[in-house]
Amino acid sequence: MYNVNKKSIIGHHPQLQLLNAFLHKKKMHHSFLFCGPEHVGKMTIARSFAQKLIGGETNEGWMICDVAHSDLVTIAPIVEEKKGKMVYKDISLDQLFSARRSFALAPDQKAKVLIIDDAERMTISAQNALLKTLEEPQKNRFIILVAHRPDQLLETIVSRCFVVHFSLVNDPDFHAQGFDQQCVDDAQGRPGYAYRLQDDPEFVEIISFARDQLRTLSRMSLVERMQLATELSKKDEKYLSCFFYAWIYRVRLAALQTKKFHLLKIAQRVESVLVLLQDTNVNKQLAIEDLLIHIT
């Protein structure tokens, strides 16, 4: 059990300072791109920033805010369940048009804010439609794109946004919020993971399973590796993302702690396979089998 303040934003002090400067009118922009690894708090900060813009706040205190507001319009990939797996659909042109109609209405308070989560999942047609909105900024209208793979966005979109880079959070920032070391290790520098480790038993099980499998991988026979590949191939995109991110983080950490930098190549290979699984229709089981066979 952790003594944790769940309303606190963990880490990202330079980024919050930068956004505070904007709120104090030292910087003027109408569109932002929050980019960095998944689950580090980009969307959390986007919502808090939106709340400040809507209310015209300039205070420097930052807290988690999940309250809906008439002046906040949010788009995200639609999630559907198919054969027991969660399937994440790309953000469509229709979704963007619907959000843009709401975004065009006069704000009830100080500003109207449009947040697009997983913005890199917009179709090309949706991105082109968004580009027209970005090219014609309006007073008291703000757009925040949240993406962990900004390279998937059109360069013309990125060039019209003020880019705020986020990274993994350091251990002391977690400790300052009351998380113990085991939770910090399992969170992998991601505040979103830290909070899920408190409340989501299924997520705890995924991280624990990933940790155990990585620890015993070097002793696994070929048959055992094939069995693990078969088991993982039945999981959905989000499960595999959590599982393999745990491996990537721990292998990189081991490389830095032991100075066995050849391990970084293993982490890079795992990351490449994860990207392949996310971006292509590659045979999932064959890709995972190939990965597990060649990791030594």
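1. The buried residues of α13 are covered by elements that include α10, α11 and α12, where contact means heavy atoms within 4.5 Å and buried means under 20% relative accessible area, with exposed over 50% and partly exposed in between (1.4 Å probe, protein chains only). These buried residues are A287, I288, E289, L291 and L292. Helices (H or I, at least four residues) and strands (E, at least two) are DSSP runs, numbered from the N terminus.

2. On the basis of the note: this is a predicted model, in which local features need pLDDT of at least 70 and side-chain atom pairs count only at pLDDT 80 or more, while totals for chains, interfaces and linings use all residues. Residues are numbered from 1 along each chain as its sequence is written, and side-chain values use heavy atoms, with hydrogens and water left out.

3. The largest nonpolar core has 44 residues, of which F174, F179, L232, F243, F244, W247 and I288 touch the most other members; such a core is a set of buried Ala, Val, Leu, Ile, Met, Phe, Trp, Tyr and Cys residues joined through side-chain atoms within 4.5 Å. Two or more residues each come from α7 (181–187), α8 (191–199), α9 (201–216), α10 (222–233), α11 (237–258), α12 (263–279) and α13 (284–294), and α11 gives the most, with eleven residues. Leaving aside neighbours within four places in sequence, F244 is in contact with L232, V270, L274, L277, I288 and L291. Another core, of 26 residues, lies apart from this one and has L23, F32, F34 and F49 among its members.

4. The structure holds 17 aromatic pairs, counted where rings of Phe, Tyr and Trp (its six-membered ring) have centres within 6.5 Å, with planes under 30 degrees apart taken as stacked, over 60 as edge-to-face and the rest as tilted. F22 and F32 form an edge-to-face pair, 5.0 Å centre to centre with 85° between the planes, and this pair links F22 in helix α1 (residues 13–23) to F32 in strand β1 (residues 31–35). The rings of F209 and F243 have centres 5.8 Å apart and planes at 50°, so this pair is tilted; F209 lies in helix α9 and F243 in helix α11, so the pair ties together parts that are 34 residues apart in sequence. Both F209 and F243 are buried.

5. A search of the whole structure finds 13 salt bridges, each being a side-chain nitrogen of Lys or Arg within 4 Å of a carboxyl oxygen of Asp or Glu. R250 and D186 meet in one of them (2.6 Å, N to O), and R250 lies in helix α11 and D186 in helix α7, so the pair ties together parts that are 64 residues apart in sequence. R250 counts as buried at 16% relative accessibility, and D186 is buried at 6%. The side chains of R269 and D290 also meet in a salt bridge (2.9 Å, N to O), but here R269 is partly exposed at 33% relative accessibility, as is D290 at 35%.

6. D117, in the loop between β5 (112–116) and α4 (124–135), is buried yet has no salt bridge, and the nearest side chain of opposite charge, K42, is 6.8 Å away; Lys and Arg count as positive and Asp and Glu as negative, while His and the chain ends are not counted. Not counting residues up to four places away in sequence, D117 touches M43, I75, A76, P77, I91 and V146.
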